[in-house]
Amino acid sequence: MKPLPELTAFLEGLPEPHILFDAQYRILAANAAYRRQYSPERSVVGRCCYEVSHHFAVPCDQAGESCPLAQSRASGQRERVLHLHHTPQGEEYVNIELSPLPGPDGQPAFYVEKMEPLRVAQGQPSAQGLIGRSEAFQRMLALVARVAPSRATVLLLGESGTGKELVARAVHEASPRAGKPLVAVDCSSLPENLFESELFGHERGAFTGASTAKGGLVEAASGGTLFLDEVGDIPLPMQVKLLRLLETGTYRRVGSTDLRHADIRVVSATHRDLERMVAEGRFREDLYYRLCTFPIQLPSLRDRSGDVALLAPALLERVAAPRRLQLSPAALAVLEAQDFPGNVRELRNLLERTALLCDGERIEAEHVREAIATGRRPALRPAAPPGLPALTDGPGGTPDGRPADLKTLERAALREMVERHTGSRSELAERLGISERSLYRKLKALT
C-alpha cells in the first residue's frame, strides 16, 4: 500500500522534521527539514528510521531505547518519547511525536513522526546547558520536555548540587514563555521582614525607608517564569501570601489595597523533604500541593552512570578558561570512582582545584588525588549530645577544668558550629532542631 501523494506533499511543507514510514520501520517519505537535519548527503527513503536517526541495526526497543512505534501498536494511539538522535553536527535530544494513520480496514497502515529538538540539553560535552545520557538523566529530561510547553507549576526535588536552577532554566527555555524573563528568587537568603516586599513590591511610605514605590520580582517576571529556589525556607507567614498568588493569580504590593494580576509560570525547587515538613507543621499542606502539580526528581550524580565522563570535560572548560586542559584516562577513572555527595557542584569545585594544581596541559591522576586530599575536611572532635560537637578542652567544660554553666556551654557550642557550618542559616537551624527565628536571636546574642 502506497501513501497518498497529497500526504507526502503536506509533510514537505511542514517546518519541523517529519517522516512517513510503515509498520516495518521503512521510511516512505521525508520532508526537507528532516533530510537537512539528519541525512543531507544521502537519501533516506527505503531505509529504516532507527538506522538513520540512531545508527542502530535493530529497532529502538531492541537496542535499549523506548520505541514510539511499539508503544503506539500497544495503545492504538498517538505516542510521545524523548530520544537521543545522531545528526551531522553530533548527538541531540529530540522530542518525538508519532501518530498512527489508519488504512481502509481501520488498522494503522502508516505512521507519521514529528521531531522537535530539545536544545536545552546535550548528550555530549558542551559549553552550556544540561549534559548527560544516563538512563536516570534521560528519565528526568523526558519529564522536562513533557511539562515545559504547559502552564503547570513544577516542583524540582533533589539533593544539593544536582543542578536545579539549570533544570528550571530548561523548563523555561522549552516553554512558550522562553522570550520573556526567567526571574530567580533565592528564598533562603531573604529575611522574613523583606520577603513580601521583594516578592510583591511596595508603595511609597509603606515602611521606613520606602521613599519610592518599587515593583517586586513577580512583576519583573511578568509574561515569563518565576523560579523559587529553596522554597522550603519560606517563612510560614509568607507561605499563605504565596498560596494566594498561586490560587488566584493576584497579589498586592506592600502598603497597597489594589489587586494586581500576575502573568507568571512558577517553578520551585528544594532539597528538603517537604512532605515531612508538612507533617511537622513547618510547611503548609495546601501550598505544598499547589507547588507540586508536576514534581520532577533530579538524580544524584552517583546515580548517573557514565555521565561524569561527559560532565568533566565540559566543566573543566568552564573553570579553567582560557587554558585548554585535557583529562588523562587515569584522571577520569579517579573522578568516576568518587561518590560526590555534593553532586555536580562538588565535581565542578574539584575540577577547579585540580586545574590550579596542574602546571601543564594534561591533568593526570595524581593531580586529581591531590585535589581530593586538599578538599577533605579535618576530622571533627567527638560530639557530646546529638547534633553538637565536642566543645571543651578540659574535663569540666573550661580549658582549666572548672565547670561551666549551661548558657556558656550553649554559646560555645553554637559558636563552634557556626564556624564549621558551610551551608545556609536555615540548614543550620534544621540541624539544631530550632526555628530560623530562634537561631537568629541566638546568633545576635553572640555578637
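I started with helix 9 and listed its buried residues: M238, Q239, L242, L243, L245 and L246. The model is a predicted one.

Next I looked down the axis of helix 9. The buried residues fall within an arc of 160°, so they line one face of the helix.

I then checked the length of helix 9. The helix has 13 residues and reaches 19 Å from its first C-alpha to its last. That is close to the 18 Å expected at 1.5 Å a residue.

What do the buried residues of helix 9 pack against? I noted helix 7, helix 8 (217-220) and helix 11. On the strand side I noted strand 12, strand 13 (250-251) and strand 15 (265-270).

I moved on to the largest nonpolar core, which has 31 residues. L199, V218, L226, L228, L245 and I264 have the most contacts inside this core. Two or more residues each come from strand 8 (154-157), strand 9 (182-186), helix 7 (192-200), strand 12 (225-229), helix 9 (236-248), helix 10 (274-279) and helix 11 (285-291). Which element gives the most to this core? Helix 9 does, with five residues. L245 is both buried in helix 9 and among the residues with the most contacts inside the core.

I looked up L199 on its own. Leaving aside neighbours within four places in sequence, L199 is in contact with V185, G216, L217, V218, L226 and L228.

Last, I found another core, lying apart from the largest one. This other core has 28 residues, among them L316, L327, F340 and A355.

Definitions and conventions:
Residues numbered from 1 in each chain as written. Predicted model: local features only at pLDDT ≥ 70, side-chain atom pairs only at ≥ 80, totals over all residues. Heavy atoms only, no water. Core = buried A, V, L, I, M, F, W, Y, C linked by side-chain atoms within 4.5 Å. Buried < 20%, exposed > 50% of the residue type's maximum accessible area, 1.4 Å probe, protein only. Helix = DSSP H or I, 4+ residues; strand = E, 2+ residues; numbered from the N terminus. Contact = heavy atoms within 4.5 Å. Expected span 1.5 Å × (residues − 1). Arc of directions from axis to C-beta.
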